[in-house]
Amino acid sequence: MADLHNKKQEREGKETVEFFKDLDKEALNIESFLEKNSKKLTIGFGILIVAVLGWFGYQQFILEPQNEEATKSYLAAQKNLADGKEDLALGGKSVANPGFLGTYNDFSSTKAGKLSAYNAGLIEFKKGNYQKAYDLLDNFSSDNKILVALKYGAMADCLSNLNKSDDALTLADKASSVSDDPYTSYYFTKKAGMLALALKKNADAKKYFSAIDEKYQDYDNGQSDAFIEMTKYY
């Protein structure tokens, strides 16, 4: 049983690595970084909706449904999302189309309902409704620590766009430590370091990039050395 659990965690970690590799290309561009302020440093977590949440949602919430009606409602909203119909996916305006908002409001105690709050939050993020997005994401909880890390990372992006960069850094730090998955921890440690650097908190930034240099060299390709050097001058 333990071996099966470990294999599942390993598979989930690999899925996360493959997804985040594409996101790293911009984040690791140092010249581009220097031209950005702390608000623009955030990576739009709205793009996580289909790629990551679709996969995790199927694995954790559809294969193990707690509530048949909640699952059906979630799946209908997910189909609209996959078809690019974000307003319909968000829903919440009619009984005929509850969408993610309606599913969360009606079934908030179920896993599908909680995931619906997460998806609704990310859609609101894409729409630029950062406070609504933050509040919805804050209502999500899960035993899956990778999903929890993504939640805190997305909430950090919301706060950064609300010009609350210090609070955003706190959540990015939380995202970096909540999961045992090494790539997820690396990714959000780097994110926290970049936010700290943008806030001129160079000592904190050096701490994050030094942690990357010590623990996550396999993922970083030596970029942490350049960022550590930047903490001396930026």
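Me: Where does Asn163 lie?
Reply: Asn163 sits in the loop between α9 and α10. Helices here are DSSP runs of H or I with at least four residues, numbered from the N terminus. This is a predicted model: local features need pLDDT of at least 70, side-chain atom pairs count only at pLDDT 80 or more, and totals for chains, interfaces and linings use all residues. Residues are numbered from 1 along each chain as its sequence is written, and side-chain values use heavy atoms, leaving out hydrogens and water.

Me: What is the phi of Asn163 near?
Reply: Near 60°, a positive value, and Asn163 is not a glycine. Most residues other than glycine have a negative phi.

Me: Is Asn163 buried or exposed?
Reply: Exposed, because its relative accessibility is 62%. Exposed means over 50% relative accessible area, buried under 20%, and partly exposed in between (1.4 Å probe, protein chains only).

Me: OK, new topic. How many residues does α10 have?
Reply: α10 has 14, residues 165–178. Its span from first C-alpha to last is 20 Å, close to the 20 Å expected. The expected span is 1.5 Å times one less than the number of residues.

Me: Which residues of α10 are buried?
Reply: Ser165, Ala168, Leu169, Leu171, Ala172, Ala175 and Ser176. They cover an arc of only 170° around the axis, so they lie on the same side of α10. That arc is taken from the directions from the helix axis to the C-beta atoms.

Me: Which exposed residues are on the face turned away?
Reply: Thr170 and Ser177.

Me: And what do the buried ones pack against?
Reply: α8 (130–138), α9 (145–161), α11 (182–198) and α12 (202–215). Contact means heavy atoms within 4.5 Å.

Notes
Helices (H or I, at least four residues) and strands (E, at least two) are DSSP runs, numbered from the N terminus.
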